[in-house]
Amino acid sequence: MKEGKLKGCLRLFLSFFRIGAFTFGGGYAMIPLIQKEAVEKRAWMTDDDILDIVAIAESTPGPIAINAATFIGSRVAGFWGALCATLGVVLPSFAIILAISFALREFADIKPVKYAFMGIRAGVLALIIKALITMYKKCPKNAVSYIVIGASFVLAAFVKAELLLIISGCAVFGLISFLIAERRNRA
């Protein structure tokens, strides 16, 4: 591996290690940090790229943060970049969960620990809402988008439909809308 590529892989690993180590709440809570690191700080991607990556990462099997890290790493430095970014985002969680699993049995009933976890949950909710607002700002503002958003929300929240079916249905709906728009533009 060339020295420049090695530095790029190390930078990917350290960036995603930091994201993985200091973000609680899973992939959706990591999206704002991934966007800040990959777009604002490192200029590896654009905001539109991040929106596309989130859509792809949600549509493919596996955790969204791991999928996003793998995709960004691949775009930046190929296979080795994907491997380094993926390991970077996974290792902190693995180590933390391993340590917590041993300690939690002993301390789970202690009131300060319970309150600490309540605080963490509230912070995670704020990060998820921030990700929602950021993605909404980047999403096209048209009737088709609002129909997809509304229908997806109702199906996920109230009907409890299978998420894979919802995502697949959204993709099909978007594709059909695009084809109809293309046909109108040609006519």
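Close-up 1. E37 and K41 form a salt bridge, with 3.9 Å between their closest N and O atoms; a salt bridge here is a side-chain nitrogen of Lys or Arg within 4 Å of a carboxyl oxygen of Asp or Glu. The model is predicted, so local features need pLDDT of at least 70 and side-chain atom pairs count only at pLDDT 80 or more, while totals for chains, interfaces and linings use all residues. Residues are numbered from 1 along each chain as its sequence is written, and side-chain values use heavy atoms, with hydrogens and water left out. E37 and K41 are separated by about one helical turn because they are four residues apart in helix α2. Helices (H or I, at least four residues) and strands (E, at least two) are DSSP runs, numbered from the N terminus. E37 is buried, with a relative accessible area of 7%, whereas K41 is exposed at 51%. Buried means under 20% relative accessible area, exposed over 50%, and partly exposed in between (1.4 Å probe, protein chains only). E37 also forms a salt bridge with R42, at 3.0 Å from N to O. R42 is partly exposed, with a relative accessible area of 28%. A network of salt bridges links R18, E37, K41 and R42. The count of salt bridges in the model comes to five.

**Close-up 2. S15 in helix α1.** S15 lies in helix α1, which covers residues 3–22. Its relative accessibility is 0%, so S15 counts as buried. Apart from neighbours within four places in sequence, S15 is in contact (heavy atoms within 4.5 Å) with E37, R42 and W44. Of these partners, E37 and R42 meet each other in a salt bridge.

**Close-up 3. Salt bridge between K138 and D47.** The closest N and O atoms of K138 and D47 are 3.4 Å apart, and the two residues form a salt bridge. K138 lies in helix α5 and D47 in helix α3, so the pair ties together parts that are 91 residues apart in sequence. K138 is partly exposed, with a relative accessible area of 38%. D47 is also partly exposed, at 27% relative accessibility. Both D47 and K138 are among the residues that line the largest cavity.

**Close-up 4. The largest cavity.** The largest cavity holds about 80 Å³ of space. On a 1 Å grid over the protein atoms alone, a cavity is a set of points where a 1.4 Å probe fits but cannot get out; a pocket is an open set with protein on both sides within 12 Å along at least five of seven lines, and lining residues have an atom within 4 Å of a point. Grid points are joined across faces, edges and corners, and a volume is the space filled by probe spheres set on the points. The lining of the largest cavity consists of I31, Q35, D47, I50, L51, V54, T134, M135 and K138. Helices α2 (27–41), α3 and α5 each give two or more residues to this lining. Helix α3 gives the most, with four residues. Two cavities of 30 Å³ or more are counted in the model.

**Close-up 5. The largest pocket.** The space in the largest pocket is about 1600 Å³. Its lining has 34 residues, and those closest to the centre are E58, M135, V148, I149 and S152. Helices α3 (47–59), α5 (111–138), α6 (143–159) and α7 (163–186) each supply at least two lining residues. The most come from α7, with nine residues. M135 also lines the largest cavity.

**Close-up 6. A nonpolar patch on the surface.** The patch is formed by F17, F79, W80, L83, L87 and L91, which together have about 560 Å² of accessible area. Patches are made of residues with over 30% relative accessible area and no salt bridge, where like charges are joined within 9 Å and nonpolar side chains (Val, Leu, Ile, Met, Phe, Trp, Tyr) within 5 Å. Accessible areas come from the Shrake-Rupley method with a 1.4 Å probe, and for residues only the protein chains shown count as cover. Helix α4 (residues 64–107) gives the most to the patch, with five residues. L83 is found in helix α4 and is partly exposed, with a relative accessible area of 33%.

**Close-up 7. G73 in helix α4.** G73 is found in helix α4. At 0% relative accessibility, G73 counts as buried. Leaving aside neighbours within four places in sequence, the contacts of G73 are L12, G78, G81, A82 and A85. G73 and I180 are 107 residues apart along the chain, and their C-alpha atoms are separated by 35 Å.
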